[in-house]
Amino acid sequence: MEFADVNYINKKYKKNYERIFENNIVKNQLILGNDVNKFETDFSIFNHAKFCKTVNSGYDALYLALLFLRKNTKKRKVIVQSHSFYASFSSIIAAGFEILALDTSTCNFNLDIEQLKHYMSDDIAAVLNVRLYGISGNSIEILKLCKSYNAYFIEDCAQSHGIIEQSKKLFNYKKYAQAYSFYPTKNLGALGDGGAVLTNDKKLADFVCSYRDYGKKTKFEHKYLGINSRMDTLQASILRFKLKKLNYINSIRRKKIIYYSKRIDPEKILIKLPYLNINEKKLAPHVFPIFPKNKNKLIRNFKKKNIVFNYHYPYSIHNFKDIFGNKLFIKECEISVKMANNVISVPFGCHLKSEEQDLIIDIINN
Ligand SMILES: Cc1ncc(COP(=O)(O)O)c(C=O)c1O
């Protein structure tokens, strides 16, 4: 039994990929070719955003959105939840901001809205909410707060491709952006690295477009310092093809997570699974982490039965105090620490058969 479905999906579409490879070789536009523009149009329409600008990773998408903000504000603090993938934190520091780290909500694994209300202030340049594990949380409430404090609102959507609920309303705020990763295991994954920034702000879109290509203004003129974060045309062609399958893939993933959620004994779990209480429009499950009361025992039992597992993530922002130094301020983050200490992710994806899910459920429950 494989942990994720990346292999299963890629095998299923192998013939389609081969045709895409051939077309790319014939067209000979290997970087930032026509399909990059076409994917940017497709993905922006899909998400109800005016602009989509692709880059080379989810990290670059976050970094460039934040860097644009850094150049346009005197404020220096960005709020983020304390439990997420490392890039949700490091991109903030790299763009020149300080982090104010708040807790993660047990209702949706996004930023804790009550804490955010408490700590939001005129000093906050941006709120970075992570739609962790493929759940979207209180985005509209966060939007309202950001509007009233004239702050940017950036959502890390690296794990939530396909959630478009309330997108029009969110993108209507000029200071709103979404950052995506197309890392191969993502629900919309490329065959290599990739990422994108979505926004209705033309200035941000133009900035990303220039900065990703050495800060170019024209072929031989440079406007910014710039980096190289151009998307390969081949990846864009693959993503264009896979975007058409995304809603279907997410619908299967939702069924599998509901199946798990209905059968796992809540008595064995430390942090309750929220999935049965989440509107399906706010759910595009990416991985399936659980927080068992006895993680070590579960690990032993998984090993005995050869069940592969992983951790999303065995750390919280506290683990990076040395790296982020005096740029990191952490408030009460009890849940984030509890998540990091107790998390274990079990096999999840379209490839799983119900007998395989039953076996995993049985091990967790017994
Ligand atoms: C929540 C989150 N943010 C950011 C990233 C960074 O994306 P990438 O690996 O494409 O740089 C990831 C990818 O794993 C992620 O899961």
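Ala, Val, Leu, Ile, Met, Phe, Trp, Tyr, Cys and Pro count here as nonpolar, Asp, Glu, Lys and Arg as charged, and the others, Gly among them, as polar. The model is predicted, with local features requiring pLDDT of at least 70 and side-chain atom pairs counting only at pLDDT 80 or more, while totals for chains, interfaces and linings use all residues. Residue numbers start from 1 along each chain, following its sequence as written.

**View 1**

**View 2. Domain 1 against domain 2.** The domain assignment, which is automatic or from a database, divides the chain into domain 1 (6-243) and domain 2 (247-323 + 333-365). Their contact, in which two residues count when their C-beta atoms, placed from the backbone, lie within 7 Å, takes 26 residues from domain 1 and 28 residues from domain 2. On the side of domain 1 that touches domain 2, α1 (6-12) and β3 (98-102) each supply at least two residues, and that side has 10 nonpolar, 13 polar and 3 charged residues. The C-alpha centres of domain 1 and domain 2 are 25 Å apart.

**View 3. Helix α3 with helix α10.** The axes of α3 (residues 34-46) and α10 (residues 233-243) come within 8 Å and cross at roughly 35 degrees; such axes are lines fitted to C-alpha atoms, for helices over the stretch in contact, with angles running from 0 to 180 degrees between N-to-C directions. From α3, D35, V36, K38, F39, D42, F43 and F46 meet T233, A236, S237, L239, R240 and L243 of α10. The residues of this contact comprise 7 nonpolar, 2 polar and 4 charged.

**View 4. Helix α11 with helix α15.** Here the axes of α11 (residues 246-263) and α15 (residues 354-365) cross at roughly 35 degrees and come within 10 Å. The α11 residues K256, Y259, Y260 and R263 meet S354, Q357 and I361 in α15, and the contact has 3 nonpolar, 2 polar and 2 charged residues.

Conventions:
Helix = DSSP H or I, 4+ residues; strand = E, 2+ residues; numbered from the N terminus.
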